[in-house]
Amino acid sequence: MIVEYLRYTVPETARADFEKAAAGHRFERGAGRYLVRAEAPFAGIEGFTPDGEPERYETTTPTLYEWAGGRDALIRLLTIFYGHVLEDPLLEPVFRHMDAHHAEHVAVWLGEVFGGPAAYSGEHGGHAHMIGRHLGRGITEQQRRRWVSLLLDAADEAGLPADPEFRAAFAGYVEWGSRLAVLFSAPGAEPNPHEPVPHWDWTMPPWQPPAP
């Protein structure tokens, strides 16, 4: 796969518009500058001029989404997980009224986080919607720990890859994301709704046997 990186310098007054226009792409932000990653050929972010020509690289490293097994594997994971959640006395009250398609929607979120299609940004309201699902819920540390434990167990039950590299990245995101959920759900929390969907990558690249 060929990927391209484009840099943009964006004034503060235009950053919300830029992030909305770039919602379908992976990007990093820092000090008013953005680095956008996309598969080649990349036409750029509509309405904004990059700081130069794109940098182009060839990569053979699969995304976490691809390594996990794609959409079907994540739906299987989340279906198993939320089945256990509804049987758990600590977590059931939090998820008692969840939508019948909740597992599928979270699988779309996790797929985008792990480098798959940007469907959560494009079809489900992006990061702002995910934040909104946590506001005011008052998630406790005990609930967070149980959530993490059940999800890691569900990964085994769903047959997700068990190699150390994938599981380190998977567990890292689960730990990071669950701690943010506690912060976002606390009384008086005011998280930034304009943050993009986070993108998670390998802690260490996946080990693969050398070609014969």
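Predicted model: local features only at pLDDT ≥ 70, side-chain atom pairs only at ≥ 80, totals over all residues.
**Packing around helix 3**

Two packed helices are described by the angle between their axes and the distance between the axes. Helix 3, which covers residues 70-85, packs against helix 5, residues 102-113, at an angle of about 130°, and their axes are 8 Å apart. That angle makes helix 3 oblique to helix 5. The crossing of helix 3 past helix 5 is right-handed. On the side of helix 3, the contact is formed by R71, L74, I75, L77, L78, T79 and Y82, and on the side of helix 5 by H102, A103, E104, V106, A107, L110 and G111. Sorted by class, the contact of helix 3 with helix 5 comprises 9 nonpolar, 3 polar and 2 charged residues.

Helix 3 also packs against helix 8, residues 141-157, at an angle of about 135° with the axes 9 Å apart. These two helices are therefore oblique to each other, and the crossing of helix 3 and helix 8 is right-handed. Helix 3 contributes L77, I80, F81, H84 and V85 to this contact, while helix 8 contributes W147, L150, L151, A154, A155 and E157. The contact of helix 3 with helix 8 has 9 nonpolar residues, 1 polar residue and 1 charged residue.

E112 belongs to helix 5. Its relative accessibility is 1%, so E112 counts as buried. Beyond its neighbours within four places in sequence, E112 has contacts that include A23, P117, Y120, V197 and H199.

**Salt bridges**

The structure contains 12 salt bridges.

| Pair | N to O distance |
|---|---|
| D72 and R71 | 3.9 Å |
| D88 and R146 | 2.7 Å |
| R144 and E141 | 2.9 Å |

D88 forms its salt bridge with R146. Because D88 lies in the loop between helix 3 and helix 4 (92-95) and R146 lies in helix 8, the pair ties together parts that are 58 residues apart in sequence. D88 is buried, with a relative accessible area of 9%, and R146 is partly exposed at 33% relative accessibility.

R144 and E141 both lie in helix 8, 3 residues apart, which is about one turn of the helix. R144 is buried at 4% relative accessibility, while E141 is partly exposed at 28%. Salt bridges link E141, R144, R145, E175 and R179 in a network.

Terms used. Residues numbered from 1 in each chain as written. Heavy atoms only, no water. Axes fitted to C-alpha atoms, helices over the stretch in contact; angles between N-to-C directions. Helix = DSSP H or I, 4+ residues; strand = E, 2+ residues; numbered from the N terminus. Parallel < 35°, antiparallel > 145°, perpendicular 65-115°, else oblique. Left-handed = near helix turned anticlockwise from the far one by under 90°. Contact = heavy atoms within 4.5 Å. Nonpolar A, V, L, I, M, F, W, Y, C, P; charged D, E, K, R; others polar. Buried < 20%, exposed > 50% of the residue type's maximum accessible area, 1.4 Å probe, protein only. Salt bridge = Lys/Arg side-chain N within 4 Å of Asp/Glu carboxyl O.
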